[in-house]
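Biologist: Can you take me through this structure, one topic at a time?

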Amino acid sequence: MPIRTEPVTINLGPQHPSTHGVFRLRVTFDGEEVIDLEPVFGYLHRGTEKLAEERTYTQIVTLTDRLDYESAMSNNLGYVTALEKLGGIEVPERAMYLRVISVELQRIASHLVFTGFFLQELGTFVTMLMYCFRERERILDLFEMLCGARITVSYMRPGGLTQDAPSDFWPALNDFLEDMPGYIDELEELITRNEIVLSRTRDVGVLDPEVAIDASISGPILRASGVQWDLRKADPYEIYSEMDFEIPIGATGDCFDRYIVRLQEMRESVKIIKQCVDKIPDGTVKTDGAFFMRPPEGDAYGCVEAPRGELGFYIVSDGGISPYRCKIRSPSFINTTMLRDMIVGGKMSDLIVIFGSLAVNMGEVDR
Amino acid sequence: MELGFRNIHAFVSGILPDGLEWIAFSISGIFLALVVINALVGVAALYTWFERRVLGRFQSRLGPNRWGPFGLLQPLADIIKLITKEDISPNSADRIVSTLAPIALLVPAFLVFAIIPFGTNSFLGDLNVGVLFIMGVTGMNTFGIFMGGWGSRNKYAMLGAMRGVAMLVSYEVPMALALAGAVLLAGSLSLSGIVASQTLPFLIVQPLGFLVFIIAASAEMSRAPFDMIEAESELTGGYHTEFSGIKFAIFQLAEFMAPLVTAAILTVVFLGGSRGPDLIPGQVWFILKALAATFLLLWIRATWPRLRVDQIMGFAWKGLFPLALLNIFLIAAEIQFFQSGGIEPIGVSTLLIMSGINWLVTGIAIYILANVLGQPSLQPKKPVPSPLANMYAEAE
Amino acid sequence: MYGTGIIRGLRITLKNLLLPSRMFTLHQYPDRKVGILWLAQNADINPLKYVLANPGKSIRAIIGLETVEDRQPKHPRFRGEEFTWYEQRCTGCASCAKYCPLGIIRIVTEPSGNAMPEGEKYGIEVFDIDIGRCMFCGLCVEACPYDALHLGSGFEEGTYKREELVIDIDRLRKSRKKPSTWFRPQLEEKSYDPGIGRDVDWTEAGRHESPSSDDQAAKWAKR
Ligand code: SF4
Ligand code: SF4
């Protein structure tokens with residue numbers, strides 16, 4: 001007698017331990033296997049783009065902090081890059097170096113958060129999460145020295161930074177740079193060769209390079225698929241053209257590659273920061289008058305390589321004190337587009353792992 | 001006077017008139033059960049503190065430390081909190097089944113302790129089929145888990161329960177086979193017999209059996225890396241998603257009893273039970289060994305991620321099952337060889353020779369199995385840049 | 001070999017368990033455990049003498065119950081709660097209110113005196129900051145041309161009611177003047193640390209003793 005079976009539809013989320021915020025996935029299971037999936041978002045919609053139309057240009061910096069709250073520095077940089085393009089503002093060189101330092105620190109912090117949560121989703125009971133957060137704490141301490149805040153930094157301003165780094169920042173930064181490779185080695189030894197991690201993530205959620213490019217996926221996920229594309233090299237902003245670093249890529253585009261690419265990116269970031277510390281010139285970090293800026297009529301698109309991918313701001317100005325329109329191209333939102341194709345056919349555990357490997361941040365998806 | 005069943009029974013039947021033997025029997029039984037169950041609950045509560053503290057240390061945090069010295073009273077606070085919580089169950093839940101589920105999960109854990117010999121003379125009952133009893137009773141918790149999952153009418157709980165049944169049933173086989181190796185060597189099914197025959201701890205004599213047992217047991221109690229029944233990141237809570245209040249407390253108690261049960265069995269069967277140098281009493285040896293075993297389980301829990309469902313099942317049948325069979329075969333052959341016909345226990349020197357052979361075979365077997373099971377796809381590949389978007393070309 | 005990776009992982013976690021340098025949280029905030037040596041050192045006497053003098057405390061210290069309060073050090077730039085505001089410096093220009101992205105500063109001014117001479121500043125009647133909604137971005141501090149408003153250095157300002165989070169002018173007047181050095185290079189130059197330092201007088205808090213009209217004219221003309 002054939003057994004009568006039925007597919008089961010489960011709402012994963014909006015309240016679920018591994019949806020990184022409030023994200024809902026309507027998943028249809030056949031036993032353990034996923035046969036259909038539909039992402040539903042909008043639970044964290046705060047109307048950032050609309051709010052931006054009501055704020056002056058400098059005030060919008062505080063809004064960008066809250067987009068991807070794990071990498072506020074990169075968001076600040078993305079916004080001010082677009083704004084500087086629009087207003088034609090020259091940034092002092094020291095400010096550019098400090099910007100790169102803080103953005104790369106933020107990249108390490110963000111990737112550490114990713115690693116911790118990724119392993120958490122694989123089922124290590126909080127251990128890796130605590131280790132990664134322990135390391136990240138030092139970066140947050142550095143941010144506190146730079147700008148007085150740890151998460152929502154609001155550090156950058158059109159035309160530069162709020163203020164120069166204090167004198168005790170540099171020794172602390174050097175200490176951190178000394179220790180960080182050791183931390184990464186430890187994580188690598190703990191995770192990279194772990195057979196359980198390998199068997200859980202290898203050949204899971206494979207994304208082919210063609211598909212990834214067609215879906216305009218960016219960031220570590222694209223690079224894990226083997227596409228060597230990084231805005232820091234492809235379209236260098238700030239002082240990246242003077243820096244010497246590699247773009248790590250993955251072999252197959254599976255979840256493991258996404259993890260390993262991020263891990264190697266952390267090493268590259270440490271390298272970049274070291275070069276910045278060596279080269280940083282003296283001088284001012286501010287441009288006069290940019291605080292109360294009124295860019296000329298027109299539009300500009302500025303983008304940076306945020307930890308999660310290409311973060312772009314498209315700003316239309318009507319000559320007033322606030323933008324006419326501010327469109328945000330958020331990497332997390334676009335990286336989720338291939339979710340269904342990657343997950344369907346896998347097991348439930350794969351679903352969680354694949355979704356975790358995308359490192360989606362809900363604040364950015366819903367904007 | 002030692003607190004044992006016989007003593008109490010003798011005392012009670014002494015003051016009762018003749019012919020009321022059964023009353024004496026019940027009174028002494030209930031009295032002892034009360035003592036033991038309450039002691040066990042106390043120990044389990046203390047163990048939750050131990051587990052959380054050690055796990056906290058592993059994760060470089062502090063663990064509970066607010067109430068009482070070193071947070072020792074934390075379990076009490078937890079119990080009070082859970083008991084005073086409202087007991088919510090979904091409207092469409094199967095009330096009877098979901099109420100019975102926690103009990104069905106907890107009782108087997110208590111039952112196992114009835115026959116564990118904590119010392120040479122301190123045990124509740126010495127069943128001559130102790131190992132069989134253990135296998136039967138620990139198999140019962142499958143019911144508890146499935147009842148919890150089924151009764152609460154929750155899809156997560158149901159998924160967890162289904163996983164649980166599949167996994168628990170498969171891992172029972174290697175676990176039983178691993179115990180069978182010990183039984184063969186000891187020539188006795190009773191736990192005190194097994195302890196008595198361990199002139200050399202069976203951990204040394206049959207490492208393969210120990211390995212299989214500890215893996216299968218950690219799957220049986222659904223601990224990392226086999227904790228997919230309640231995989232928090234996937235199923236939110238697994239079979240106990242819908243439980244709250246006292247029922248949830250009982251589930252938690254059962255969950256924290258599981259490592260104790262496992263550690264106790266492990267100590268008795270593989271670590272020589274209460275045997276040890278006479279410096280300290282056997283009971284203390286037992287506790288120390290059990291603590292070491294729980295520490296090992298904790299260590300594993302703190303380090304390893306979780307396996308996937310199909311991998312867990314595959315590991316049971318493709319990995320552990322052959323190893324357990326090999327272990328039995330090896331032990332049986334060695335007994336046949338060294339103990340030719342005699343019934344006298346095997347001497348320590350012979351056991352040492354046996355352990356030498358066994359360690360060698362264990363190493364070879366694990367090496368071969370690892371290479372058979374280890375998929376070549378897990379080897380690192382060399383990344384090749386895709387020609388589709390070459391930024392170096394574009395930047396020029 | 002297949003299987004060695006997980007064993008190596010066990011080594012790392014054990015290392016993290018045993019090495020104190022890898023410990024993340026060393027004490028339960030804000031109580032730090034102290035031993036006898038620390039207590040004796042603090043009291044500046046020989047540990048042996050200390051034990052004899054207060055045996056009760058020593059026993060508690062040995063079993064690990066003796067604690068001292070130890071708050072995490074904050075950087076002087078830390079953008080803390082509670083604003084520091086100098087009435088003497090404030091002109092009531094309301095730049096801060098205008099530049100707050102959330103509009104949570106409310107200022108009501110009134111000419112001080114009837115026959116107010118030219119250049120005299122306004123009297124300020126209301127100065128409310130609703131820190132319940134504040135995100136401590138510091139734009140108000142950045143916008144203040146007279147260095148009258150500074151971010152505070154406090155934290156842990158929890159209250160039971162939302163209304164209590166509105167800082168009104170009386171509270172601003174009375175509150176301790178321990179400004180954060182964020183965006184105030186003049187304080188940083190004196191290497192002032194609000195965590196350990198004294199209160200800052202209004203004459204020291206600004207870039208100049210008091211805003212002169214020439215300065216301001218020059219500043220505004222530039223824009
Ligand atoms: S810190 Fe920011 S949010 Fe708070 S009052 Fe000042 S400008 Fe407004
Ligand atoms: S900006 Fe400064 S001077 Fe002007 S009202 Fe605010 S605190 Fe007073």
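Modeller: What follows covers the ground rules, the domains, the chain interface and a helix. This is a predicted model, where local features need pLDDT of at least 70, side-chain atom pairs count only at pLDDT 80 or more, and totals for chains, interfaces and linings use all residues. Residues are numbered from 1 along each chain as its sequence is written, chains are lettered from A and ligands numbered from 1 in the order in which they are written, and side-chain values use heavy atoms, with hydrogens and water left out.

Biologist: How is chain A divided?

Modeller: Into domain 1 (1–45) and domain 2 (49–358), with bounds from an automatic or database domain assignment. The contact (heavy atoms within 4.5 Å) takes 17 residues from domain 1 of chain A and 16 residues from domain 2 of chain A.

Biologist: What area is buried between domain 1 and domain 2 of chain A?

Modeller: About 1500 Å², with 71% given by carbon and sulfur atoms. Buried area is the accessible area (1.4 Å probe) that two parts lose on being put together, summed over both. On the domain 1 side, A:His20, A:Val34 and A:Leu37 supply 33% of the area buried against domain 2, more than any other three residues.

Biologist: How many salt bridges there?

Modeller: The rule finds 1 across that domain interface, a salt bridge being a side-chain nitrogen of Lys or Arg within 4 Å of a carboxyl oxygen of Asp or Glu. A:Arg340 and A:Asp36 form a salt bridge through their side chains, at 2.8 Å from N to O.

Biologist: Switching to the two chains. How many residues does each give to the contact?

Modeller: Chain A gives 54 residues and chain B gives 43 residues. About 4100 Å² is buried between chain A and chain B, and carbon and sulfur atoms give 61% of that.

Biologist: Which residues in chain A lose the most area to chain B?

Modeller: A:Phe125, A:Ile196 and A:Gln228, together 15% of what the chain A side buries.

Biologist: And how many salt bridges between the chains?

Modeller: The rule finds 2 across the interface of chain A and chain B. B:Arg308 forms a salt bridge with A:Asp350, with the closest N and O atoms 2.9 Å apart.

Biologist: Last one: how many residues does helix α2 of chain B have?

Modeller: Helix α2 (residues 21–58) of chain B has 38 residues; helices are DSSP runs (H or I, at least four residues), numbered from the N terminus. From first C-alpha to last, α2 of chain B reaches 54 Å, close to the 56 Å expected at 1.5 Å a residue, where the expected span is 1.5 Å times one less than the number of residues. After α2 of chain B comes B:Ser60, with a positive phi near 50°.

Definitions and conventions
Helices (H or I, at least four residues) and strands (E, at least two) are DSSP runs, numbered from the N terminus.
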